[in-house]
Amino acid sequence: MSNVSPSGTPMAASPLTRAVLEIDEYASGLGWDRPARLFALVDTARLRAQEPGLASQLGLAGGEAAAFTPIEQEELPAGKPLDEFLGTIAWPDAVAGCALTVERLMLPPSAEASVPDGLNEAALAKWVARHPDRQEVRMTVAVLRNGAREAAIRLREKDSPNEVLTGADLVPGLADALAATFES
């Protein structure tokens, strides 16, 4: 017996990890060079009970379903900084958590010492984009109202479900920003 489900998600993974990997797989199917995407995470059992029509529409009416159902939100506004946009979000009580998938350039820790001093954000972004050791990554970060967090990171050069890193503390700044959307 395999410890991987038919979808490729580890069966022993927590419900939040499974939701993050499901969103990562969805984003992977859309390809690279995409805008950030925001998802509400709803309790699947609650959705089935309170909105059976919507649950049926989403293919959740029968069989075994994941604990959380990701529901993609409207496209994020172009040109608005992500932190400003996240500061405008307030979730209804029916939303158990949220997730965001976003592409970024990252440098290995060994490159951090060579970052020139005094660069503003735009100049730093240009410097990173030109660095020979930069890595394109897609980060999917999710938080629940109860404080649970999970993230998945996929490198563009290792674009395979078997190469996705997961962990609760991989992208703490973004997790903090998403958690703040539940504090109002």
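Two strands are said to pair if DSSP finds at least two bridges between them. Strands (E, at least two residues) and helices (H or I, at least four) are themselves DSSP runs, numbered from the N terminus. The structure is a predicted model, in which local features need pLDDT of at least 70 and side-chain atom pairs count only at pLDDT 80 or more, while totals for chains, interfaces and linings use all residues. Residues are numbered from 1 along each chain as its sequence is written, and side-chain values use heavy atoms, with hydrogens and water left out.

The chain contains 6 helices and 6 strands. Along the sequence these elements follow the pattern α-β-α-α-β-α-β-α-β-β-β-α. Of the 184 residues, 36% are buried; here buried means under 20% relative accessible area, exposed means over 50%, and partly exposed lies in between (1.4 Å probe, protein chains only). Among contacts (heavy atoms within 4.5 Å) with a separation of 6 or more, residues 24 or more positions apart account for 64%.

The strands form an open sheet of 6 strands in the order S2-S1-S3-S4-S5-S6, with antiparallel pairing. Its edges are strand S2 (68–72) and strand S6 (165–167), each of which pairs on one side only. From one strand to the next, the twist averages 20°. Strands S1 and S2 run antiparallel and are joined by 5 bridges, and Ala40 stands opposite Ile71 in S2. Helix H1 packs on this sheet and touches S1, S2, S3, strand S4 (135–144), strand S5 (149–155) and S6. The direction of H1 makes about 30° with that of S5; axes are lines fitted to C-alpha atoms, for helices over the stretch in contact, and angles run from 0 to 180 degrees between N-to-C directions.

Strands S4 and S5 form a hairpin with 4 residues between them. In the turn, Gly147 has a positive phi of about 100°. The two strands run antiparallel and are joined by 7 bridges, and Thr140 has Ala152 in S5 as its bridge partner. S5 also pairs with S6 in the antiparallel sense, over 3 bridges, with Ile153 opposite Leu165 in S6. S5 is mostly covered, as 5 of its 7 residues are buried.

In soluble globular proteins, nonpolar side chains tend to be buried together. A nonpolar core is defined as a set of buried Ala, Val, Leu, Ile, Met, Phe, Trp, Tyr and Cys residues joined through side-chain atoms within 4.5 Å. The largest such core in this model has 24 residues, and those with the most contacts inside it are Leu38, Trp91, Leu100, Leu174 and Leu178. Two or more residues are given to this core by each of S1, H4, S3, S4, S5 and H6. A second, separate core has 13 residues, including Ala19, Val20, Leu21 and Ala142. When residues up to four places away in sequence are not counted, the residues touched by Leu38 include Ile71, Phe85, Trp91, Leu100 and Leu178.

A search of the whole structure finds 2 aromatic pairs. Rings of Phe, Tyr and Trp (its six-membered ring) pair if their centres lie within 6.5 Å; planes under 30 degrees apart count as stacked, over 60 as edge-to-face and the rest as tilted. The rings of Tyr26 and Phe39 have centres 6.0 Å apart and planes at 90°, so this pair is edge-to-face. Because Tyr26 lies in helix H1 (residues 15–30) and Phe39 in strand S1 (residues 37–43), the pair ties together parts that are 13 residues apart in sequence. Tyr26 is partly exposed, with a relative accessible area of 37%, whereas Phe39 is buried at 3%. The rings of Trp91 and Phe182 have centres 6.2 Å apart and planes at 25°, so this pair is stacked. The pair links distant parts of the chain, 91 residues apart: Trp91 is in the loop between helix H4 (82–86) and strand S3 (95–106), and Phe182 is in the segment after helix H6 (172–180). Both Trp91 and Phe182 are buried.

The charged end of Arg138 sits over the ring of Trp32, 4.1 Å from its centre; the criterion is that NZ of Lys or CZ of Arg is within 6 Å of the ring centre and within 35 degrees of the ring normal.

Most residues other than glycine have a negative phi. Asp33, in the loop between H1 and S1, has a positive phi near 60°. Asp33 counts as exposed, at 57% relative accessibility.
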